[in-house]
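Here is a short tour of a protein model, written for someone who likes to know the cut-offs behind each term. Please keep the viewer open as you read.

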Amino acid sequence: VLYIATSAIDSRDKAATFDDGSVLILKNISFEKLLSLLPFDKFCQINKQEIIALRAVRYFSHDEIMTNLPADEGLLTLHLSEAYRSAFMQKTIR
């Protein structure tokens, strides 16, 4: 798993993106539950709607994360929320 986001179809569901680009919909699960199941030092919630595997981070700035994940134009860029910034920084600067 490289990236988990709130599903566009139902906010109770999450869409997990894998290394090969495939996506699996996880039905009716919270981010809190997902984080409890994932390795603490390898994943981080970055805003209210997204969790990222730290190995998918290419580089980051104060409020933006550039990933290794493909997007429509270039690479996927994500918003780093102020509420989650401290935890993200602690995990990435090790």
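## Salt bridges and their surroundings

Asp13 is buried, with a relative accessible area of 4%; buried here means under 20% relative accessible area, exposed over 50%, and partly exposed in between, using a 1.4 Å probe and protein chains only. This is a predicted model, in which local features need pLDDT of at least 70, side-chain atom pairs count only at pLDDT 80 or more, and totals for chains, interfaces and linings use all residues. Residues are numbered from 1 along each chain as its sequence is written, and side-chain values use heavy atoms, with hydrogens and water left out.

How many salt bridges does a search of the whole structure find? There are three, where a salt bridge is a side-chain nitrogen of Lys or Arg within 4 Å of a carboxyl oxygen of Asp or Glu. Asp13 takes part in one of them, meeting the side chain of Lys27 at 2.8 Å, N to O. The pair links distant parts of the chain, 14 residues apart: Lys27 sits in the loop between β3 (23-26) and α1, and Asp13 in the loop between β1 and β2 (14-17). Helices (H or I, at least four residues) and strands (E, at least two) are DSSP runs, numbered from the N terminus.

Arg55 and Asp19 form another salt bridge, with their closest N and O atoms 3.0 Å apart. This pair, too, joins distant parts of the chain: Arg55 is in the loop between β5 and β6 (57-60), Asp19 is in the loop between β2 and β3, and 36 residues separate them. Arg55 is exposed at 53% relative accessible area, and Asp19 is exposed at 54%. Asp10 forms a salt bridge with Arg12, the closest N and O atoms being 2.7 Å apart. Here Asp10 is buried at 18%, whereas Arg12 is exposed at 52%.

## The nonpolar core

Which residues touch the most other members of the largest nonpolar core? They are Ile4, Ile46, Ile51, Ile65 and Phe88, out of 23 residues in this core. A nonpolar core is a set of buried Ala, Val, Leu, Ile, Met, Phe, Trp, Tyr and Cys residues joined through side-chain atoms within 4.5 Å. At least two residues of the core come from each of β1 (3-6), α1 (31-37), β4 (43-47), β5 (50-53) and β7. In soluble globular proteins, nonpolar side chains tend to be buried together.

Ile46 belongs to strand β4 and is buried, with a relative accessible area of 0%. Leaving aside neighbours within four places in sequence, Ile46 is in contact (heavy atoms within 4.5 Å) with Ile52, Ile65, Leu78, His79, Leu80, Ser81, Tyr84 and Phe88. Ile46 and Glu82 are 36 residues apart in sequence, yet 8.7 Å apart in space, C-alpha to C-alpha. With residues up to four places away not counted, Ile65 touches Ile46, Val57, Tyr59, Phe60, Leu76, Thr77, Leu78, Leu80 and Phe88.

Ile51, in strand β5, is buried with a relative accessible area of 0%. Beyond residues up to four places away in sequence, the partners touched by Ile51 include Tyr3, Ile4, Phe31, Leu34 and Leu35.

## A buried lysine and a positive phi

Is Lys14 buried or exposed? Lys14 is buried, with a relative accessible area of 5%, and lies in strand β2. Not counting residues up to four places away in sequence, Lys14 touches residues including Ile4, Leu24, Ile25, Phe31 and Leu34. Lys14 and Ile4 are 10 residues apart in sequence and 6.4 Å apart in space, C-alpha to C-alpha.

Asn28 has a positive phi of about 50 degrees although it is not a glycine. Asn28 lies in the loop between β3 and α1 and counts as exposed at 58% relative accessibility.
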